[in-house]
Amino acid sequence: MEPLVDIVIEDARWEAFGLEALATPAVSAAFAELGLPEAGFTLCLMGCDDARILELNGDFRGKAKPTNVLSWPSEERGAAEGVVPDLPEPGAPDDPESLGDIAMSYDTCAAEAAEAGKPMADHVSHLIVHGLLHLLGYDHIRVADGDLMEAAEVRILARLGLSDPY
């Protein structure tokens with residue numbers, strides 16, 4: 001059984017791109033790497049544009065610029081600096097534990113992928129993993145935490161057959 005990823009499309013380019021087809025494998029690879037069961041969790045992934053993510057970034061982070069991905073964990077799961085966060089317990093199959101919400105901007109993701117010369121699908125998969133790790137309590141504000149998060153991302157992406165993005 002796969003973790004439940006609710007997809008909300010606010011920009012039709014995400015539909016044409018196939019966001020939903022990338023989401024499940026990325027989330028499943030992360031769960032496998034972290035030792036989380038495939039069932040018992042849910043999260044929401046919204047595909048939007050720069051205008052919408054600019055609004056969200058301003059409202060929630062006080063930053064007046066678009067960004068590639070934003071995450072809103074359902075609860076704080078942080079840890080001491082350089083320590084892997086405690087992972088959540090799964091809910092029942094008929095009442096899965098909500099991990100939170102992720103929003104991604106098509107415009108910024110496409111521009112970053114083009115600038116880096118990498119396939120957009122690879123970049124988007126990386127950002128889904130990145131957003132999910134934030135939902136699970138990982139962060140990159142402090143150096144030791146950033147190193148931990150980056151290493152987890154690299155291992156998860158390797159499960160997907162993707163190269164180290166760093």
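This report looks at aromatic ring pairs and at one helix contact in a predicted model.

## About the model

Residue numbers start from 1 along each chain as its sequence is written. Local features need pLDDT of at least 70, side-chain atom pairs count only at pLDDT 80 or more, and totals for chains, interfaces and linings use all residues, while side-chain values use heavy atoms, without hydrogens and water.

## Aromatic pairs

Rings of Phe, Tyr and Trp (its six-membered ring) pair if their centres lie within 6.5 Å; planes under 30 degrees apart are stacked, over 60 edge-to-face and the rest tilted. The count by this rule is five aromatic pairs. One of them joins tryptophan 14 and tyrosine 106 edge-to-face, at 5.1 Å centre to centre and 80° between the planes. Tryptophan 14 sits in helix 1 (residues 12-17) and tyrosine 106 in helix 4 (residues 106-116), 92 residues apart. Helices here are DSSP runs (H or I, at least four residues), as are strands (E, at least two), numbered from the N terminus.

How buried is tryptophan 14? Its relative accessible area is 0%, and tyrosine 106 is buried too, at 17%. Buried means under 20% relative accessible area, exposed over 50%, and partly exposed in between (1.4 Å probe, protein chains only). Ring pairs also link Trp14, Phe17 and Tyr106 into a cluster.

## Where helix 2 meets helix 6

Contact means heavy atoms within 4.5 Å. Helix 2 touches helix 6 through Ala26, Ala29, Ala30, Ala32 and Glu33, which meet Arg155, Ile156 and Arg159 of helix 6.
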